[in-house]
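Here are my notes on the structure you asked about. Please read them with the model open beside you.

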Amino acid sequence: MLRLPRFELRQPTSVAEAARMLADLGPDALVLAGGTDLLPNMKHELFTPAVVVSLGRIDALRGIRAEADGSLRIGAMTTIADVAHSPIVAERAPCLAQAAGLIAGPQLRRAGTIGGNVLLDTRCQYYNQSYFWRSALGYCLKKDGTVCHVVAGASRCVAAAAADTAPALMTLCATLEFERAAGQRAVAIDDFWVADGISNRRILPGEILVSIRIPPTPPGHRGAYGKLRERGSIDFPLLGVAARLDIDAGGLVERADLVLTALAARPRRVSEASTRLCGTQPGTPGFDMAVQAVAESARRHCHTLSNLLGDTAWRQDMIPVYVKRTLQAAAAGGGPVHHL
């Protein structure tokens with residue numbers, strides 16, 4: 001049985017109090033949101049903080065609110081289940097609602113939070129293991145070692161981004177809002193990532209993610225999320241595909257976006273989605289040809305590694321399949337894609 005290491009638990013009741021604690025404690029402390037990822041990682045001794053600062057008693061961090069300007073603001077401690085089942089999220093940001101609904105299983109979605117998922121640590125089959133397993137292998141670049149077991153001779157970790165909500169929020173041009181003892185900061189989610197699997201987030205010491213702001217989407221906005229995984233639930237993505245299509249009054253695509261995850265340390269945007277799809281009309285041969293071209297472009301420019309479980313060649317072959325199906329689902333205003 002894997003046991004939690006000893007730690008001190010602090011439970012502030014306001015963001016300001018939590019920020020002061022983190023400033024005082026420094027690197028000895030970690031933030032606990034829903035705990036669905038942090039606690040297993042602590043059992044694996046990937047993190048061994050002396051103090052855990054829980055945000056569970058800060059009610060101000062929960063809730064989904066429509067702003068006067070048409071934007072949505074989602075508190076970072078809002079549960080994944082609440083995001084998945086929110087009618088206003090499903091209406092204005094369907095890709096996000098679908099992505100949230102495909103995370104883990106019902107019990108974990110009721111405990112896990114949207115903020116925790118956005119800030120999810122990168123994953124690798126050589127890293128997300130018990131201490132005993134990792135010590136027998138000789139550790140790795142991401143934790144305690146000097147060797148990458150995925151790419152021979154690599155000097156940079158290639159653990160993969162695994163947050164289902166991150167690519168969806170990128171297609172929605174979301175802004176992440178942080179607070180720490182020294183003040184507040186807002187950062188566009190596109191600018192938040194770095195291509196380093198050890199730490200792929202531009203987060204400052206002592207910062208707390210307090211909310212996520214999604215700008216207004218037009219009446220013709222459509223979105224879909226596709227998730228490749230070995231089982232029908234629980235699993236982290238072997239591939240995640242977030243698609244956005246905004247349809248104008250004449251039925252033509254006026255804006256398109258496509259972001260893939262679970263490939264490398266940061267989500268990957270397929271720029272050809274915009275150039276190929278804009279100006280086409282869903283349901284016509286021209287649109288179908290453009291979708292096929294985008295799918296082939298994604299296959300050429302996005303590459304799988306052995307950083308995650310599953311056959312690497314199979315995952316690579318699934319890239320155009322899931323890109324095509326997810327774009328078609330978005331065009332049809334349908335639901336998520338999570339089957340073969």
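1. Some terms come before the points. A residue is called buried under 20% relative accessible area, exposed over 50%, and partly exposed in between (1.4 Å probe, protein chains only). Helices (H or I, at least four residues) and strands (E, at least two) are DSSP runs, numbered from the N terminus.

2. This is a predicted model, in which local features need pLDDT of at least 70, side-chain atom pairs count only at pLDDT 80 or more, and totals for chains, interfaces and linings use all residues. Residues are numbered from 1 along each chain as its sequence is written, and side-chain values use heavy atoms, with hydrogens and water left out.

3. Helix α5 (residues 94-101) is mostly covered, with 7 of its 8 residues buried. Among them are Pro94, Cys95 and Leu96.

4. An open sheet is formed by 3 strands in the order β1-β3-β2, with parallel pairing; two strands pair if DSSP finds at least two bridges between them. β1 (8-10) and β2 (29-32) are the edge strands, each pairing on one side only.

5. Strand β3 (residues 51-54) pairs with β1 in the parallel sense over 3 bridges. Leu9 has Val52 in β3 as its bridge partner.

6. Helix α1 (residues 15-25) packs on the sheet and touches β1, β2 and β3, where contact means heavy atoms within 4.5 Å. The direction of α1 makes about 165° with that of β3; axes are lines fitted to C-alpha atoms, for helices over the stretch in contact, and angles run from 0 to 180 degrees between N-to-C directions.

7. Leu4 lies in the segment before β1. Leu4 is partly exposed, with a relative accessible area of 36%.
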